[in-house]
Amino acid sequence: MDELDSGGLIFLKKALVIGGAGFVGASLVRRLASANDCQITVVDKFIFGNGLAGITLENVQVVEGDASDSLFLADVLQRGGFDVVYHLAANSDIRASVNNPSIDVVNTFGTTFALSLALSESEVRVPILVFSSTSAIFGTHSQPIHAKSVKKPESAYGWMKLASEHALAQLSQTALIGSLRIIRFPNVTGAGQTHGVVKDLCAKANAASEELPVLGDGRQSKPYVHVDELVEAILRFASESYSGSLEVNFAPSDQIRVREIAELVVSASGRSLRLQFQDKASGWPGDVANYSYDLQNLPEQLSSALTLSSREAVAKSVAEEFAKLNAS
Ligand SMILES: NC(=O)c1ccc[n+]([C@@H]2O[C@H](COP(=O)([O-])OP(=O)(O)OC[C@H]3O[C@@H](n4cnc5c(N)ncnc54)[C@H](O)[C@@H]3O)[C@@H](O)[C@H]2O)c1
């Protein structure tokens, strides 16, 4: 396996990023591309546009295509000789899949199943496979959630991510995956976000004159990570020499309430907007309104990537979102 030292991190030289034109993916790709000798292939079908458009990155090849097509993926894998695969493709519009769960069957589980099929049928071996999972696989828990907590998803998205974890875990029992690394993100926020409460509220605040409508009663309370710190953690997770497979829950140790997020947005908007809440505990069916992670077993290399609390991550992201709105 070819490796490259960049700023203390060992970058694996040839990387495939499935879903690499999305919010987290484009941020990861830009960071990987900063190591000149690193060769990156991106596969994406640009559901929210191409997050890499307009950026010239000589060591990045973007292949437009559907990652739920195993033949297409097998072809990419056979040509690539990748040291590491980051699988980030999924449906991220969780509210949309409440009415149409097939979006998650295809884009969340279908992409993972296709990747498993592509590896099995082409017999291409991937030394390291990093899978972006989610807190949504756990459902509602009254206590902080640890990596081995009971998994009882409440949304099609959560179920399809959990099924994906199982499909990859099964494949990692074979020689086709050297080391499977599952990292379960909390809510992610920051520049380039394609969805989520910060983007949603900033856009609404920008257009509003009196009221800012907020989904749910505002008491929903969750951890938020800034995308820059998440990308740092993903790279560390991929470059460490763990033996076997590993699953981690990754997030700041605190939470922020939706009411506080809305207040940060109103304050940054410079307008005097009245917050308008709904009379229900969660924003949409299947939304887990309150959770926190038990991070005791998070490896130090990953926990030290976190410097921002959830509130600081959201405040930074709100400022970035308004800077973008004001520039457009
Ligand atoms: N953003 C969050 O808050 C969050 C939280 C937990 C987990 N995650 C996970 O992190 C990953 C990245 O999320 P994101 O926020 O960047 O979402 P995103 O929607 O911005 O990016 C996902 C990318 O995957 C691509 N994609 C989806 N289906 C595809 C298919 N069939 N073929 C090819 N490309 C396809 C999309 O076009 C998009 O560019 C996802 O797996 C998501 O489930 C995100």
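The model is a predicted one, in which local features need pLDDT of at least 70, side-chain atom pairs count only at pLDDT 80 or more, and totals for chains, interfaces and linings use all residues. Residues are numbered from 1 along each chain as its sequence is written. The protein contains 10 helices and 15 strands, where helices (H or I, at least four residues) and strands (E, at least two) are DSSP runs numbered from the N terminus.

**Overall fold**

- A compact globule of 328 residues would have a radius of gyration near 20 Å, and the protein, at 19 Å, agrees with this; the radius is taken over C-alpha atoms, and the globule rule is 2.2 Å times the number of residues to the power 0.38.
- The C-alpha trace of the protein spans about 60 × 45 × 40 Å along its principal axes.
- Of the 328 residues in the protein, 46% are buried, a residue being buried if 20 or more other C-beta atoms lie within 10 Å of its own, exposed if 12 or fewer, and partly exposed in between, with C-beta atoms placed from the backbone.
- Among contacts in the protein with a separation of 6 or more, 79% join residues 24 or more positions apart; two residues are in contact if their C-beta atoms, placed from the backbone, lie within 7 Å.

**Ligand shell**

- The ligand has 27 residues around it, of which G19, G22, F23, A90 and S92 come nearest; a residue is near a molecule or strand if its C-beta atom, placed from the backbone, lies within 6 Å of it.
- At least two residues of this shell come from each of helix 1 (23-33), helix 4 (102-122), strand 7 (126-134) and strand 9 (187-189), and helix 1 gives the largest share, three residues.
- The shell around the ligand has 12 nonpolar, 12 polar and three charged residues, where Ala, Val, Leu, Ile, Met, Phe, Trp, Tyr, Cys and Pro count as nonpolar, Asp, Glu, Lys and Arg as charged, and the others, Gly among them, as polar.

**Two domains**

- The domain assignment gives domain 1 (3-189 + 225-249) and domain 2 (197-222 + 253-327), with bounds that come from an automatic or database domain assignment.
- The centres of domain 1 and domain 2, taken over C-alpha atoms, are separated by 24 Å, and their contact takes 26 residues from domain 1 and 23 residues from domain 2.
- On the side of domain 1 that touches domain 2, strand 9, strand 12 (224-226), helix 7 (227-239) and strand 13 (246-249) are the elements that give two or more residues, and helix 7 supplies the largest share, five residues.
- That side of domain 1 has 10 nonpolar, 10 polar and six charged residues.

**Helix 10**

- The 18 residues of helix 10 (residues 310-327) should span 26 Å at 1.5 Å a residue, and the end C-alpha atoms, 26 Å apart, agree with this; the expected span is 1.5 Å times one less than the number of residues.
- The buried residues of helix 10 are S310, A313, V314, A315, S317, V318 and E321, and what covers them includes strand 9, helix 6 (197-207), strand 12, strand 14 (256-257) and helix 8 (258-269).

**Positive phi values**

- Most residues other than glycine have a negative phi.
- F46, in the loop between strand 4 (39-44) and strand 5 (60-64), has a positive phi near 55 degrees, and F46 counts as partly exposed because it has 13 C-beta neighbours inside 10 Å.
- E123, in the loop between helix 4 and strand 7, has a positive phi of about 55 degrees although it is not a glycine, and E123 counts as exposed because it has 12 C-beta neighbours inside 10 Å.
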